[in-house]
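Student: Hi! Could you walk me through this one?
Tutor: Happy to, here is the model.
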Amino acid sequence: REVIKRTADDRLAGFTLGRLLLRHRQGDPNSISEAQFEAGESWRKLVLDHAAIHGYKLTIGSPSFLTICGASLAMEDEDHIKRTRERWTQCYNAIAECVKTHGIRARNVVYGICVEDWPLASLTRDDFGLLREALNVLGRVLR
C-alpha cells in the first residue's frame, strides 16, 4: 500500500480510528466513513466521561486520548453527569441490539478500536464489517 506524505503527516494517522478514516479518503474498502469516524470519536469520549464520573480508570494508549480527552470530570455539573449517563445507557442498549444480530465480536471490535486503539493488523476482514455496523448503530444514537 502506498503511503501518501500528506496522509503520513496527518494527525489522524496517529491512532487506528483515524487511520481507518484516512483509508476511506483514499478509497480503501477496509475503512470507515466520516460519519462512522465521528460516531467512534463521540463514543470514545462518552466512555471516558463515564469512567471519570464513576471513578474508574481506563488504560488507553491512543494518541487522541492523550491529546484530546485527558481531562478529568471529577467536578462536572449534574446536568452533564445526567446527560452522560443517559447517553451511555442508550449506547449500551444499541450495542446490545447490534450484538443480537452480529454477535459479541461487534461489541469487542468497536470498543477495541475506538477506546483501546487496537492495531489494524489485529482485525480480520469480517471485523471491518462488524466495526462499521456497530459505528452505524452508535451514530444513530449519538446524533
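Tutor: One term to begin with: buried means under 20% relative accessible area, exposed over 50%, and partly exposed in between (1.4 Å probe, protein chains only). This is a predicted model, where local features need pLDDT of at least 70, side-chain atom pairs count only at pLDDT 80 or more, and totals for chains, interfaces and linings use all residues. Residues are numbered from 1 along each chain as its sequence is written, and side-chain values use heavy atoms, leaving out hydrogens and water.

Student: Thanks! How many helices and strands are there in the protein?
Tutor: The protein has 7 helices and 0 strands; helices (H or I, at least four residues) and strands (E, at least two) are DSSP runs, numbered from the N terminus.

Student: And what share of the residues is buried?
Tutor: Of the 143 residues in the protein, 43% are buried.

Student: Switching to charges, how many salt bridges does the structure hold?
Tutor: There are 6, a salt bridge being a side-chain nitrogen of Lys or Arg within 4 Å of a carboxyl oxygen of Asp or Glu. One of them joins aspartate 127 and arginine 105 (2.7 Å, N to O). That pair links distant parts of the chain, 22 residues apart, with aspartate 127 in helix α7 (residues 125–142) and arginine 105 in helix α6 (residues 104–114).

Student: Is arginine 105 buried or partly exposed?
Tutor: Arginine 105 is partly exposed at 33% relative accessibility, while aspartate 127 is buried at 2%.

Student: What about glutamate 41, which residue does it pair with?
Tutor: Glutamate 41 forms a salt bridge with arginine 44, with the closest N and O atoms 3.2 Å apart. The two sit 3 residues apart in helix α3 (residues 34–54), so about one helical turn separates them.
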